[in-house]
Amino acid sequence: MTAALGAGVALAHFEGPPAEVTAAPATAPVPTATTENPAARTTTPAPRPPRAKPKPPAVRPTPPPSPKATPKPTPTPTPKPTSVPVKPPTVPKSGAGTFVTAQASGAPVGEGGELRRYQVQVEEGIALSARDTAAEIQRILAHPRGWAAHGRGRFQLVSEDADFVIRIATPDTADALCLQQGLDTRGELNCETTDGVVVNLRRWMLGSPTFAGEAAEYRHLIINHEVGHEIGIRQHMGCPGPGRPAPAMMQQIKGLDGCRSNAFPYDEDGSYITGPIVS
């Protein structure tokens, strides 16, 4: 009986319409439920357990972009000024031997002493303006540490009828003028003549190798020294002591003998700078 039932069931499954078969997942067999009627046993797939809905992935808040630091501009290096050595001016050895008189005049400078009128002349053909040179000499004689500021004389620039002349001459011309007075200036030195002062152009433009200062300051010494002779100081002085300022009436170009170079007859306190008489 049991065997017959089993054969019938098998036949019904074979000859009847195909039974609805639900394929189980490939991963695991699905259990089936059996009906109570043995004659009509069919298999019904067990209900699938509800699938849990997958949780949506947690959304992480996107952090705001961090502000980018603005790069500091690289400073452009300032080029260092290149020190260019200044070439000394070229001084001609000789010139025409004739002179141009500065057409300039001014009021007297100084408050005491005899009035001396002076004229300025520059040798022709050299790169030096007679008028500008006269204006510079006028400023030198009016300096507060000069002769005029301390009652040793008054000075006035004129273009004619002068009491003495200040000439700027090339070395050869200066030597010739000084030699007329019996003075050997060897192309280097200035001198005083019977009609005035002869200034060597080399000294005027270049200064002196023994003088610790610019050529412009040395020009004060030239004028103060030579005009010192004009106002009656006939002798030269020596160094009063090591480290002290040299007198304006010292021939500083020949050596300082331990003194400090100095271009003025008076110090800043108004004291006359003097020294032993040497010639």
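Q: What makes the pair Arg-203 and Glu-188 a salt bridge?
A: The closest N and O atoms of Arg-203 and Glu-188 are 2.4 Å apart. A salt bridge is a side-chain nitrogen of Lys or Arg within 4 Å of a carboxyl oxygen of Asp or Glu, so the pair counts. Arg-203 sits in helix H4 (residues 201-206), and Glu-188 in the loop between helix H3 (171-179) and S7, 15 residues apart. Helices (H or I, at least four residues) and strands (E, at least two) are DSSP runs, numbered from the N terminus.

This is a predicted model: local features need pLDDT of at least 70, side-chain atom pairs count only at pLDDT 80 or more, and totals for chains, interfaces and linings use all residues. Residues are numbered from 1 along each chain as its sequence is written, and side-chain values use heavy atoms, with hydrogens and water left out.

Q: Why is Arg-203 called buried?
A: Its relative accessibility is 5%. Buried means under 20% relative accessible area, exposed over 50%, partly exposed in between (1.4 Å probe, protein chains only). Arg-203 is therefore buried.

Q: Why does Glu-188 count as partly exposed?
A: Glu-188 has 33% relative accessibility, so it falls in the middle class.

Q: What joins Glu-188, Arg-202 and Arg-203 into one network?
A: Salt bridges that share partners do.

Q: How do you know that Asp-195 and Arg-167 meet in a salt bridge?
A: Their N to O distance is 3.1 Å. Asp-195 is partly exposed at 36%, and Arg-167 is buried at 16%.
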